[in-house]
Amino acid sequence: MSIFKRASRALRSKISLFSSISTSNSHPIISPRPYSFHFCYTQNAASFCSRPRQNSKEGSTIDLEQYPSDNIRNFSIIAHVDHGKSTLADRLLELTGTIRKGHGQPQYLDKLQVERERGITVKAQTATMFHCHKFLGSDTDFLLNLIDTPGHVDFSYEVSRSLAACQGALLVVDAAQGVQAQTVANFYLAFESNLAIIPVINKIDQPTADPDRVKAQLKSMFDLDPSDALLTSAKTGQGLEQVLPAVIERIPPPPGKSTSPLRMLLLDSYYDEYKGVICHVAIVDGALHKGDKICSAATGQSYEVNDVGILHPELVPTGILLTGQVGYIVSGMRSTKEARIGDTLHHTRTVIQSLPGFKPAKHMVFSGLYPADGSDFEALNHAIERLTCNDASVSVTKESSTALGLGFRCGFLGLLHMDVFHQRLEQEHGAHVISTVPTVPYIFEYSDESKLQVQNPAALPSNPKNRLVACWEPTVIATIIIPSEYVGSVITLCAERRGEQLEYSFIDSQRAFMKYRMPLREIVVDFYNELKSITSGYASFDYEDSEYQASDLVKLDILLNGQPVDAMATIVHRSKAPRVGRELVEKLKKFIDRQMFEIIIQAAIGSKVIARETVSAMRKNVLAKCYGGDITRKKKLLEKQKEGKKRMKRVGSVDIPQEAFHELLKVS
Ligand SMILES: Nc1nc2c(ncn2[C@@H]2O[C@H](COP(=O)(O)OP(=O)(O)OP(=O)(O)O)[C@@H](O)[C@H]2O)c(=O)[nH]1
């Protein structure tokens with residue numbers, strides 16, 4: 001078992017006992033060091049912003065040599081969705097003069113259109129700030145690297161990567177909502193990374209804010225000392241003056257050695273049209289200068305550093321990066337595939353020990369992506385290539401379907417990730433796609449002991465050569481936090497979704513905490529929406545992947561006039577097959593227009609039909625309406641019909657509109 005898992009198991013067993021156990025030995029906060037500390041804030045934000053020191057070196061304006069490791073703090077902001085991370089990040093950037101106050105762009109670090117529209121953070125963003133603070137009796141300049149992270153469970157991979165570059169984290173909790181499921185998940189990510197954790201109770205301006213209740217929850221769930229919690233309102237600015245002093249006082253400087261050979265951790269990469277591949281890096285040991293020759297420990301490939309600098313928060317060249325600093329490099333990499341996240345980069349001709357890196361991203365959900373118009377395959381191919389340059393956590397392989405033509409099978413970190421990927425394809429690359437019903441990776445075991453991992457239900461042979469002896473499905477450990485009055489309905493929902501209860505306890509007098517092992521398939525489709533709706537929006541939910549479990553799975557085929565539609569096949573638990581089959585055929589009936597002949601829609605397991613609907617034949621031809629000899633009207637009608645047909649998919653002689661594929665995504 002990995003250290004991560006061991007630590008996590010030990011801790012998670014602790015959580016079930018909450019306050020009854022003293023955990024003082026494992027107190028996750030690094031006690032404030034005995035510095036005397038005075039902070040010289042005034043009402044005017046500008047008076048405590050410190051400008052970075054300038055450097056006379058050609059081409060660089062900021063002198064990073066003024067910031068040895070002891071004057072650097074690297075920290076993340078972590079929290080449950082919407083608890084105010086990005087707003088707090090904005091305020092800190094304003095306080096330090098990194099961005100202008102009233103820059104007119106809320107959530108400055110949420111740069112993607114999809115992030116702004118949905119009000120969520122999808123990509124972790126780094127910003128370097130400069131700040132003067134009275135430390136050990138004298139005014140000292142500090143370089144602070146802030147990483148704003150996503151809150152949604154699908155993007156927890158981004159959070160764990162970000163934490164690798166940090167020594168501390170601000171754990172933000174909404175003063176009214178209190179500890180939620182992702183607060184728990186993010187706390188453990190930070191704790192297992194040995195980070196100093198500073199609790200920040202935010203949104204104290206809300207009328208329903210109850211900071212004392214939240215302090216008690218932090219104590220009972222994480223053994224965090226209530227007196228360490230900072231009370232803030234990122235909206236009104238109340239309490240914000242305590243945040244940066246706490247970061248400087250309580251988070252240790254980065255531990256690397258400036259005299260050791262260079263080792264830098266590759267945190268992220270993206271493709272810029274003008275500069276090429278830009279890598280975000282954390283300098284663990286040594287120093288990097290513009291013009292240095294570096295080498296990737298993973299590929300052995302060498303590069304010359306053409307540009308190096310910090311994210312302030314835009315790219316600002318500095319010519320160097322020193323131990324403990326976080327910044328960017330441009331080094332002539334041609335594709336982001338060369339920039340392996342978690343790789344160690346070092347100077348050529350030096351022997352170093354690679355850094356531990358990251359666990360590879362795990363794909364939880366797979367779906368086929370096809371061009372809405374079959375002839376757009378090349379355009380979609382190009383769009384996917386470009387987008388995966390900036391989101392390496394998506395896996396892509398080519399596949400083909402009789403119904404949809406040539407397309408791609410893509411692996412995502414979760415449904416929201418899949419949704420965001422679709423939206424970005426459309427908004428950033430103008431690609432219109434049809435996606436197939438999301439599926440999870442099942443394993444089928446045959447009598448010759450061979451195993452088949454199935455990411456596309458259509459690829460599961462209906463008549464295998466060898467006898468099927470076992471099926472396995474992935475499971476997750478789900479954490480659910482809800483107001484106590486909804487416990488009954490949530491237990492019913494989880495039982496319907498084949499969940500096995502592992503833990504059930506109370507965080508305080510009003511909130512219950514539950515843990516379930518659940519098949520991943522059951523939470524992929526619509527679980528969260530249903531959970532929200534039965535709890536009037538009060539439930540919070542998080543999950544982490546767990547092991548495979550034996551299951552009784554069947555392949556459910558959809559047939560139109562006897563012909564299977566491969567893109568609509570799905571794998572379900574046998575007990576769910578009749579309901580899912582019925583729902584699928586009913587939905588399809590609503591979306592398939594009447595045609596000149598009768599259409600029989602069936603759901604079948606092997607040769608056994610379990611649900612059936614019929615779309616009756618149309619009596620008249622559309623053109624028959626155009627009696628008389630109005631040829632232009634006839635032509636117009638035919639043109640319109642042709643346009644509509646172009647966007648239809650055909651199976652046998654049956655035309656299926658795109659909406660039918662979209663609707664099937666929602667059947668659980
Ligand atoms: N009343 C009040 N609202 C706040 C405060 N801080 C943030 N908000 C609001 O809360 C909402 C969510 O804030 P964000 O900063 O986007 O939250 P987040 O945690 O970054 O969200 P994700 O990135 O999606 O996880 C926004 O509407 C903010 O304006 C606060 O201190 N008080």
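Q: Before anything else, what counts as two residues being in contact here?
A: Two residues are in contact if their C-beta atoms, placed from the backbone, lie within 7 Å. Bear in mind as we go that this is a predicted model.

Q: Fine. With that in hand, what share of the contacts between residues at least 6 apart in sequence join residues at least 24 apart?
A: In this protein 71% of those contacts join residues at least 24 apart in sequence.

Q: And how many helices and strands are there?
A: The protein has 15 helices and 34 strands, and of its 668 residues 44% are buried.

Q: Let's go to helix α10, then; which of its residues are buried?
A: Helix α10 covers residues 487–496, and its buried residues are V490, L493 and C494. Viewed down the axis of α10, these buried residues fall within an arc of 95°, so they line one face of the helix.

Q: What about the other side of α10, which residues are exposed there?
A: On that other side G488, T492, A495 and E496 are exposed.

Q: What follows α10?
A: α10 is followed by R498, and the phi of R498 is positive, near 60°.

Q: Switching topic: at what angle do α8 and α9 pack?
A: Helix α8 (residues 377–390) and helix α9 (residues 415–429) pack at an angle of about 110°, and their axes are 10 Å apart. Angles of 65 to 115 degrees count as roughly perpendicular, which makes α8 roughly perpendicular to α9.

Q: Which residues make that contact?
A: From α8 the contact is made by A383, R386 and L387, while α9 contributes F421, R424, L425, E428 and H429. Sorted by class, the contact of α8 with α9 has 4 nonpolar, 1 polar and 3 charged residues.

Q: One more spot, T614: where is it?
A: T614 is in strand β32, which spans residues 608–615.

Q: Is T614 buried or exposed, and why?
A: T614 is exposed, because 12 other C-beta atoms lie within 10 Å, and a residue counts as exposed if that number is 12 or fewer.

Q: Leaving out residues up to four places away in sequence, what does T614 touch?
A: With those left out, T614 touches E598 and I600. As for I600, T614 is 14 residues from I600 in sequence, and the two are 4.6 Å apart in space, C-alpha to C-alpha.

Notes
Residues numbered from 1 in each chain as written. Predicted model: local features only at pLDDT ≥ 70, side-chain atom pairs only at ≥ 80, totals over all residues. Helix = DSSP H or I, 4+ residues; strand = E, 2+ residues; numbered from the N terminus. Buried ≥ 20, exposed ≤ 12 C-beta atoms within 10 Å, placed from the backbone. Axes fitted to C-alpha atoms, helices over the stretch in contact; angles between N-to-C directions. Parallel < 35°, antiparallel > 145°, perpendicular 65-115°, else oblique. Nonpolar A, V, L, I, M, F, W, Y, C, P; charged D, E, K, R; others polar. Arc of directions from axis to C-beta.
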